[in-house]
Amino acid sequence: MGWFSRRSRGTDAAPTKLDREATWEDLAALEAFVTSRRGVEFYLEPETTATDTTVVAIAHDGEWIRRRTGSPRAAGSIARKHAVPLYEAARTGYPERMRAWNRAHPERRAR
C-alpha cells in the first residue's frame, strides 16, 4: 500500500516561496510614508509560509500601507531611524483609526 514507505520524501524537493521577498522599493515606500505623514506607528507582522515579514505603517488619521521588510531587524532599524513606535500586531492588534479609515475609503479594499 505504501503508507509506511521507506523512501524519503522531500529530500530532492526545494522549498517553495509563495510570495516575493522584501526589496529596497518596499523599504523606500515605508520611509516615504513615514516622512510624509505625522503620527505614524509600525505594526510588525511575522513571516508566514505565504509572505515575508511585513510592517503595516499607520498614520495619525488611520491611513496605512503594508510593505515587506524581510526581517524584524530591518523593521526595527527603520523605526529607530525615524523614531517611530514599533508594535507586534499579533499582541496589540491594530488601532481603531485604521478600521475607521478603511470604512471611509472602501476603494482601497479592492487592491
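Visitor: How many bridges join strand E1 to strand E2?
Guide: This is a predicted model, where local features need pLDDT of at least 70, side-chain atom pairs count only at pLDDT 80 or more, and totals for chains, interfaces and linings use all residues. Residues are numbered from 1 along each chain as its sequence is written, and side-chain values use heavy atoms, leaving out hydrogens and water. Strands (E, at least two residues) and helices (H or I, at least four) are DSSP runs numbered from the N terminus, and two strands pair if DSSP finds at least two bridges between them. E1 (residues 41–45) and E2 (residues 54–58) run antiparallel, and the bridges joining them number five.

Visitor: Which residue in E2 is the bridge partner of Glu41?
Guide: Strands of a sheet pair through backbone hydrogen bonds, parallel or antiparallel. For Glu41, the bridge partner in E2 is Ile58.

Visitor: Which strands stand at the edges of the sheet?
Guide: The sheet is open, with four strands in the order E3-E2-E1-E4 and mixed pairing. Two of them have a single partner strand each, so one side of each lacks a neighbour in the sheet. Those are E3 (64–68) and E4 (86–88).

Visitor: Which residues are buried in helix H4?
Guide: Buried means under 20% relative accessible area, exposed over 50%, and partly exposed in between (1.4 Å probe, protein chains only). On the other side of H4, Arg103 and Ala104 are exposed. What covers the buried residues includes E2 and E3. In H4 (residues 96–104), the buried ones are Met98, Trp101 and Asn102.

Key. Contact = heavy atoms within 4.5 Å.
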